[in-house]
Amino acid sequence: VITIILAALFARYVLRMVGLDAEGLVILAGCIALYNSAAWVFFRRFRDPDKPTNVYRRLLAATAAAVIMDFLALTAAVWLVGGARSPFAAFYLLHIMVCCILLSRRAALTLTTIAYGLLVLLVMAEWFHLGTPHQPVGAVAGTAPLTDLYALTLIVVYGMLFALSAFLLLGLNRSLRRVERRILLANAELNRLSQLRKDFLHIATHNLRAPLGAVVMLLQNMRAGLAGPVTDKQQDWLDRGLRRLDDLSDFMANMQTLSALETDIIQSQFTHVDLAEVAT
């Protein structure tokens, strides 16, 4: 919008371009800003991932409507700056590329057909003298009436260009989506293996803690003399064994903490901390 306004004013008041409808371009820029603002307000309501978005069809319809409005605005801009011979007709390809990359195959082909239809109507309107486009001097190659041969050439050339662009971009989009699916499958497999590892870690730590606790209890009973008198050498062996078992108990506790860090339990313990208060 800003580019259209600045370019129109620059061409009118700096370049002194004759025949340029700067007012029409500014009004067109205002219309573009208006419907894009409405689209932004509509789509902004569904940006929160926590909200249920059971309006997929409405979102697709709104997306298609926004793209069609862009094509209509572009057609109006091309008509205001040279008509069928306007250099800005190439901007149809920009919108087609965006459609082919971001939208589904069916939607992209449909919108490409609509764009080509608008361009054909623009050419035919000038060809059959249904309207006279603005042809500012310096913006188009010539201002002579559109001949039959040149009109047919425009229709055929742009048709081939649009079809090839859509074909190539849709092929690229299909390849990217295929790679994306592979990445999603690989990510799902990694998540499955990660869950198996976490389950194994949880089961291993749980199954080892019970016999470890039983061994520590029995050795403590022996050291306390509950199984009979204990010599100094046996006391030393028992103390050394209990110290090693204490180290093993600490290791098992660390493993259990590590297992808890990868679950939702730790998420519930998150809280905001005032770093200034901590620092003081």
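A helix crossing is called left-handed if the near helix is turned anticlockwise from the far one by less than a right angle, and right-handed if the turn is clockwise. In this predicted model, the crossing of α3 and α5 is right-handed. The points below take up that helix pair and then the largest pocket, to whose lining α3 also supplies at least two residues.

**Packing of α3 and α5**

- Helix α3 (56–80) and helix α5 (residues 105–127) pack with their axes 10 Å apart and at an angle of about 25°.
- Because angles under 35 degrees count as roughly parallel, α3 is roughly parallel to α5.
- On the α3 side, the contact is made by Ala64, Val67, Ile68, Phe71, Leu72, Thr75, Val78 and Trp79, while α5 contributes Leu111, Ile114, Ala115, Leu118, Leu122, Ala125 and Glu126.
- By class, the residues of this contact of α3 with α5 divide into 13 nonpolar, one polar and one charged.

**The largest pocket**

- The largest pocket has a volume of about 610 Å³, and its lining consists of 24 residues, among which Thr3, Ile4, Ala77, Phe88 and Phe91 lie nearest its centre.
- Four helices, α1 (2–14), α2 (22–44), α3 (56–80) and α4 (91–102), each supply at least two residues of the lining of the largest pocket, and the largest share, six residues, comes from α1.
- Sorted by class, the lining of the largest pocket has 21 nonpolar residues, together with two polar and one charged.

How values were computed. Residues are numbered from 1 along each chain as its sequence is written. This is a predicted model: local features need pLDDT of at least 70, side-chain atom pairs count only at pLDDT 80 or more; totals for chains, interfaces and linings use all residues. Side-chain values use heavy atoms; hydrogens and water are left out. On a 1 Å grid over the protein atoms alone, a cavity is a set of points where a 1.4 Å probe fits but cannot get out, and a pocket is an open set with protein on both sides within 12 Å along at least five of seven lines; lining residues have an atom within 4 Å of a point. Grid points are joined across faces, edges and corners, and a volume is the space filled by probe spheres set on the points. Ala, Val, Leu, Ile, Met, Phe, Trp, Tyr, Cys and Pro count as nonpolar, Asp, Glu, Lys and Arg as charged, and the others, Gly among them, as polar. Axes are lines fitted to C-alpha atoms, for helices over the stretch in contact, and angles run from 0 to 180 degrees between N-to-C directions. Angles under 35 degrees count as roughly parallel, over 145 as roughly antiparallel, 65 to 115 as roughly perpendicular and the rest as oblique. Contact means heavy atoms within 4.5 Å.
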